[in-house]
Amino acid sequence: MKVELFSIGPFHVYGYGLMIAIGILCAYYYLDYMCKKHDLDPNIGFWLLIVCLIGGYTGSRILYFITVFDEVLENPKILIDFKNGYVVYGGLIGGLISAFVYLKIKKQNIYKMFDVGFAAVALAQGFGRIGCFLAGCCYGKETDAWFGVVFPVGSMARHGVPLVPTQLFSSAFDFFNFGVCTFIFLKEAKKDKNYGFGFTSYLILYAIGRFVIEFFRNDYRGSVGNLSTSQFICIFFLLLGGTFLTLFTLRAKKESLANLKK
């Protein structure tokens, strides 16, 4: 792990920012390729990415301020601290809402685009979590296990003691989620129907993975009772995903019955 990768004069390249940039670029090229190959407008895909970035950034900041509301009241300068203060779930909620509104206005096939778009989100998150590892944020609890990582001085994580590399576990799970979403979408695209299952699988898998990994995190993230703020939100994402899964399954069965009657 390395906070600053290298510098050229006054220009500094940080691991976190670089991995975020790589994640966004990979998400864009994936989205552009899939749109061109599966009869979706790549221009819509490009602007969808921009809209999601803006909505996601806004949502991540808002949820962070909610989790540290008491600190904001004591020190309002936190509101203009742009180096810290982002919550992934806030970004997902903000991105989801902004994407839905944008695609609705553009009269696009929302669920088809969601299936491609959220696979791209998972891909970007995978790289982003590697950035978290390099910066030391989102760190885990102390451990004696063989996979424990000792972070250096200057990292955001506690240094000098082995910690669970929750960032890398999250990254691996995000890439897995990306693979599942892509696999499901390609199956849907062969029949050109029953879209929405890829997006649904993203919601369910992300909620389950995040809920479990939260038990091993050791950075302050806010809490709701005995659950972290993210775990509390996971419950609603899981319920939302389960609801969509039920609706889409019933829709698919209804279409199959209708085809049999023809």
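User: How much space lies in the second largest pocket?

Analyst: About 210 Å³ of space lies there. Keep in mind that this is a predicted model.

User: Which residues line the second largest pocket?

Analyst: To read a lining, look at who takes part and where they sit. Here the list includes Phe183, Ile184, Lys187, Phe197, Ala252 and Ser256. Helix H6 (166-191) and helix H8 (229-261) each supply at least two residues of that lining. H6 gives the largest share, with 6 residues.

User: How do the lining residues divide into nonpolar, polar and charged?

Analyst: You get 4 nonpolar, 2 polar and 5 charged residues. Among the names on the list are Glu188, Lys190, Lys191 and Lys193.

User: Now for single residues. Is Thr200 buried or exposed?

Analyst: The idea is to check relative accessibility: under 20% is called buried. Thr200 has 1%, so it counts as buried. You'll find Thr200 in helix H7 (residues 197-214).

User: What does Thr200 contact, leaving aside neighbours within four places in sequence?

Analyst: Thr200 is in contact with Gly241, Phe244, Leu245 and Phe248. Also, a polar atom of the Thr200 side chain lies 2.8 Å from the backbone oxygen of Gly196.

User: And where is the place of Ser228?

Analyst: Ser228 belongs to strand E4 (residues 227-228).

User: Why does Ser228 count as buried?

Analyst: Because its relative accessibility is 7%, and the cut-off for buried is under 20%. Not counting residues up to four places away in sequence, Ser228 touches Glu214, Arg221, Gly222 and Ser223.

Note on methods. Residues are numbered from 1 along each chain as its sequence is written. This is a predicted model: local features need pLDDT of at least 70, side-chain atom pairs count only at pLDDT 80 or more; totals for chains, interfaces and linings use all residues. Side-chain values use heavy atoms; hydrogens and water are left out. On a 1 Å grid over the protein atoms alone, a cavity is a set of points where a 1.4 Å probe fits but cannot get out, and a pocket is an open set with protein on both sides within 12 Å along at least five of seven lines; lining residues have an atom within 4 Å of a point. Grid points are joined across faces, edges and corners, and a volume is the space filled by probe spheres set on the points. Helices (H or I, at least four residues) and strands (E, at least two) are DSSP runs, numbered from the N terminus. Ala, Val, Leu, Ile, Met, Phe, Trp, Tyr, Cys and Pro count as nonpolar, Asp, Glu, Lys and Arg as charged, and the others, Gly among them, as polar. Buried means under 20% relative accessible area, exposed over 50%, partly exposed in between (1.4 Å probe, protein chains only). Contact means heavy atoms within 4.5 Å. A polar contact is a pair of N or O atoms within 3.5 Å; within protein, one must be able to donate a hydrogen and the other to accept it, and residues adjacent in sequence count only if both atoms are side-chain atoms.
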